Amino acid sequence: MNKFFLISFLFLCQLGYSQSSEKENLQNLIENFFSAFHAKDSIALKNFAHPEIKMHSVAIDVNGKTMLSTEDYTDFLKAIASIPETTKFREKLHGFKIHINGVIANVSTPYSFYVNGELSHCGVNTFQLMKFKGQWKIIYLVDTRSKLGCE
């Protein structure tokens with residue numbers, strides 16, 4: 001009976017470690033995504049995504065009205081690559097919530113977005129990922145964008 005509990009305990013420890021390791025991998029992936037974003041590296045950004053990635057943004061205006069927009073990932077990559085060198089931007093992440101369920105995962109990151117050192121807007125990024133050929137790939141990215149409630 002003691003052997004059963006010991007084996008069960010060791011299995012649960014390994015399972016917990018594996019989940020923790022996968023969460024670290026996902027957090028690193030998102031941090032690397034934003035490093036490539038800030039570097040305007042469209043080739044690296046393309047490699048983080050599944051070929052069939054979908055993107056949406058939910059904008060919230062000063063009156064609280066919400067609007068949904070869709071963007072093609074290829075257009076997003078072109079837009080990032082075309083930002084002038086004189087324009088500096090930074091998306092500051094304020095934490096991570098990571099949920100994994102087998103070969104799919106969700107990573108949520110509240111953020112503040114700065115252009116040339118000035119706060120532009122804030123919101124939350126939500127990444128949906130899948131394990132594709134042994135690697136995590138972004139399959140869906142949705143964010144909120146608002147000037148309300150930004151600190």
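So, where does pLDDT stay under 50 in this chain? That would be residues 4–17, and over that stretch the model has zero contacts beyond four places in sequence. Keep in mind that this is a predicted model.

Okay, the chain overall. Average pLDDT is 90, and 87% of the residues score at least 70. We've got three helices and seven strands, and reading from the N terminus the order goes α-α-β-β-α-β-β-β-β-β. There are 151 residues, with 31% of them counting as buried. On contacts: take those with a separation of 6 or more, and 54% of them are between residues 24 or more positions apart. For the surface folks, the accessible area is about 9,800 Å², and carbon and sulfur atoms make up 58% of that.

Now let me zoom in on one residue, serine 57. You'll find serine 57 in strand β1, which covers residues 49–60. Is serine 57 buried or exposed? Buried, because its relative accessibility is 9% and the cut-off for buried is under 20%.

And who does serine 57 touch? Skip the neighbours within four places in sequence, and the contacts are Met67, Leu68, Ser69, Asp143 and Arg145.

How values were computed. Residues are numbered from 1 along each chain as its sequence is written. This is a predicted model: local features need pLDDT of at least 70, side-chain atom pairs count only at pLDDT 80 or more; totals for chains, interfaces and linings use all residues. Side-chain values use heavy atoms; hydrogens and water are left out. Helices (H or I, at least four residues) and strands (E, at least two) are DSSP runs, numbered from the N terminus. Buried means under 20% relative accessible area, exposed over 50%, partly exposed in between (1.4 Å probe, protein chains only). Contact means heavy atoms within 4.5 Å. Accessible areas come from the Shrake-Rupley method with a 1.4 Å probe; for residues, only the protein chains shown count as cover. pLDDT is the predictor's confidence in each residue, from 0 to 100.
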